[in-house]
Amino acid sequence: MVYASQVISSAPLADDAALQKSAEQAVGKGGAKAGLTAEGIPVYRDSISGGEVYDAGFRNFLTMCWLQGKGKVEGEEGQYKVVVLRQEAEQNRVLTVKMAGDGASMKDKSDCLDGAFQAGWVKNEGSVVHSTQLAQWLDPAAIASSAVDLNIKLIKWRLVPELVPENIQGLKFLMLGSGTLGCSIARNLLGWGVRHITFLDSGVVNYSNPVRQSLFTHSDAKLKRPKAVAAAERARDVMPDLQGDVVELEIPMPGHPHSYKQENVDRLKQLIAEHDVVCMLTDSRESRWLPSLLVAEATMDSKGKGKTGPLAVTVALGFDSFVVMTHSCGSAKRACYFCNDVSAPTDSIKERTLDKQCTVVRPGVSGWSAAVAVELVASLSQHPDRWEAKPKAGESILGEVPDQIRGYLSNYRLAPMETEPFAHCVCCSQSIMETYRRDGNDFLKRVMENNSILEEVSGLNGMKQKVDDAIGDLELDEEDEDLCLL
Ligand SMILES: [Zn+2]
């Protein structure tokens, strides 16, 4: 809603003794800010001592008169008569104010009259002052939201003028896993002002979690709250205007027949299609296989050519090391999480003891790797080739865009690198893709029941056999054997 007001006449109130008296009665001696005379004329108690300027509340007062039709001058379009009282009686004024506005665009007048509406001045295109909704500036959540954006704008204004904050802030992130890595990555994304994060997990918060999983508290563990629910809620505590969606779902895994549920596969597929960045953050290798396959399918056409789709980011931890990698997307061909494997993902959870699936790593590794992952996505978001940027395509305005970064805490070293997909990968290779496209869910079911078929389908078995045959054919003399040992 927009309206403009203009004082068209102003006279001393002392000229009308009767009105002066009824105006004083309307606000009383107690000091009401505004009132209505017995004749229906609005009265305003101004804090300015004199002259033709009025305090900030006067604008709200005029707006209320206009919205409620109080003080309307009969026969004069848009004119309102109001009285202004001041500390010194000789400074009291009677004003006629002309108001015009676009009341029709207001969604709900009653909301305004309930106090959700606050009038104020803003500059419009013609440099004419008019009213605006001030509620957005008075709401703590709205203030927090703009303060977060200001953080990012300061980077742009002071250091990187070419930065386009919307390129990262507008992204939708899917967190596959809302534990140690999910919490840390979400916290870093909030720092960039990202507003849309979907938290997926099937577990609950355990007592050992809060010290490492930065969005949880002891009370979450006491109540055994679902991780995805608690993570979204705590993230909203940090940034109230975050759209933190929750998905409680167990990801089907190769070698875990009971984990296969068709509706979960379908939901996962749908979620991947709905998000810009898919973060693989679960705590087992095999739970990353299906999402990696689905992203590979979404970013590769039936001829094996890349097509634009979501960016998959994998973060994996060792005791004192980590790897952050981006998967293939469009024309950018990269190694996926399984490209370095020479066997199909097996059941890695079976032998776990202690606190179920808690990963045994140095505590600083998760925070470090999460920060690197988020900053890599930030850099890619600013690159002209976006998710398809390869290291050779040059830096983004935030720096290099490696395909993969390995970090080593033992010597505080980061190693950025370029990667290529493996032709016999058990997840993203052409033959796996073709089989999945041909057999669909039947293929997935077979893999969940018997993960070793991945080695067959991908051609990994054939390749291993060739290597064995080649070694067998070699006739090594003693000198060559020494060389092999090196
Ligand atoms: Zn791969």
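Two strands are taken to pair if DSSP finds at least two bridges between them. On that basis, the bridge partner of Cys279 in β12 is Val313. The model is predicted. The protein has 17 helices and 15 strands, and buried residues make up 37% of its 486 residues. Of the contacts with a separation of 6 or more, 63% join residues 24 or more positions apart.

**The sheet**

- An open sheet is formed by 8 strands, whose order is β10-β9-β8-β11-β12-β13-β14-β15; the pairing in this sheet is mixed.
- The edges are held by β10 (243-248) and β15 (413-417). Each of these strands has a single partner strand, so one side of each is left without a neighbour in the sheet.
- On average, and with direction ignored, neighbouring strands of this sheet are turned by 15 degrees against each other.
- Strands of a sheet pair through backbone hydrogen bonds, in either a parallel or an antiparallel manner.
- β11 (residues 277-280) and β12 (residues 311-317) pair in the parallel sense, and 4 bridges join them.
- Among the bridges to β12, Val278 has Ala312 as its partner, and Cys279 has Val313.

**Burial of strand β12**

- In β12, 7 of the 7 residues are buried, so the strand is largely enclosed by the rest of the structure.
- Leu311, Val313, Val315 and Leu317 point one way from β12, and all are buried.
- Ala312, Thr314 and Ala316 point the other way from β12, and these residues are buried as well.

- Helix α10 (residues 262-274) lies across β8 (172-176), β9 (196-201), β10 and β11. The direction of α10 is at about 145 degrees to β8.
- Helix α11 (residues 289-298) also packs on the sheet, where it touches β8, β11 and β12. The direction of α11 makes about 155 degrees with that of β11.

**Helix-to-helix contacts**

- Two packed helices are described by the angle between their axes and by the distance between those axes.
- The axes of α10 and α11 come within 10 Å and cross at roughly 50 degrees. This angle makes α10 oblique to α11, and the crossing is right-handed.
- On the α10 side, the contact with α11 is made by Leu268, Lys269, Ile272 and Ala273. The α11 side supplies Leu290, Pro291, Leu294, Val295 and Ala298.
- By class, the residues of the contact between α10 and α11 comprise 8 nonpolar, no polar and 1 charged.
- The axes of helix α7 (residues 180-191) and α9 come within 11 Å and cross at roughly 25 degrees. α7 is therefore roughly parallel to α9, the cut-off for that description being an angle under 35 degrees.
- The crossing of α7 and α9 is right-handed.
- Gly182, Cys183, Ala186 and Leu190 of α7 meet Ala231, Ala235 and Val238 of α9.
- The residues of the contact between α7 and α9 comprise 6 nonpolar, 1 polar and no charged.

**The surroundings of Cys65**

- Cys65 lies in helix α2 (residues 57-68).
- Cys65 counts as buried because it has 23 C-beta neighbours inside 10 Å, and the cut-off for a buried residue is 20 or more.
- When residues up to four places away in sequence are not counted, Cys65 touches Pro42, Lys70, Gly71, Tyr80 and Val82.
- For one of these residues, Tyr80, the separation from Cys65 is 15 residues in sequence and 7.8 Å in space, C-alpha to C-alpha.

**Loop residues with positive phi**

- Lys224 is a residue other than glycine with a positive phi, near 50 degrees. Its place is in the loop between α8 (218-222) and α9 (227-238).
- Lys224 has 12 C-beta neighbours inside 10 Å and therefore counts as exposed.
- Arg386 is not a glycine, although its phi is positive at about 45 degrees. Arg386 is found in the loop between α12 (363-381) and β14 (404-408).
- Arg386 is partly exposed, as 18 other C-beta atoms lie within 10 Å.

Notes:
Residues are numbered from 1 along each chain as its sequence is written. This is a predicted model: local features need pLDDT of at least 70, side-chain atom pairs count only at pLDDT 80 or more; totals for chains, interfaces and linings use all residues. Helices (H or I, at least four residues) and strands (E, at least two) are DSSP runs, numbered from the N terminus. Two residues are in contact if their C-beta atoms, placed from the backbone, lie within 7 Å. Axes are lines fitted to C-alpha atoms, for helices over the stretch in contact, and angles run from 0 to 180 degrees between N-to-C directions. Angles under 35 degrees count as roughly parallel, over 145 as roughly antiparallel, 65 to 115 as roughly perpendicular and the rest as oblique. A crossing is left-handed if the near helix is turned anticlockwise from the far one by less than a right angle, and right-handed if clockwise. Ala, Val, Leu, Ile, Met, Phe, Trp, Tyr, Cys and Pro count as nonpolar, Asp, Glu, Lys and Arg as charged, and the others, Gly among them, as polar.
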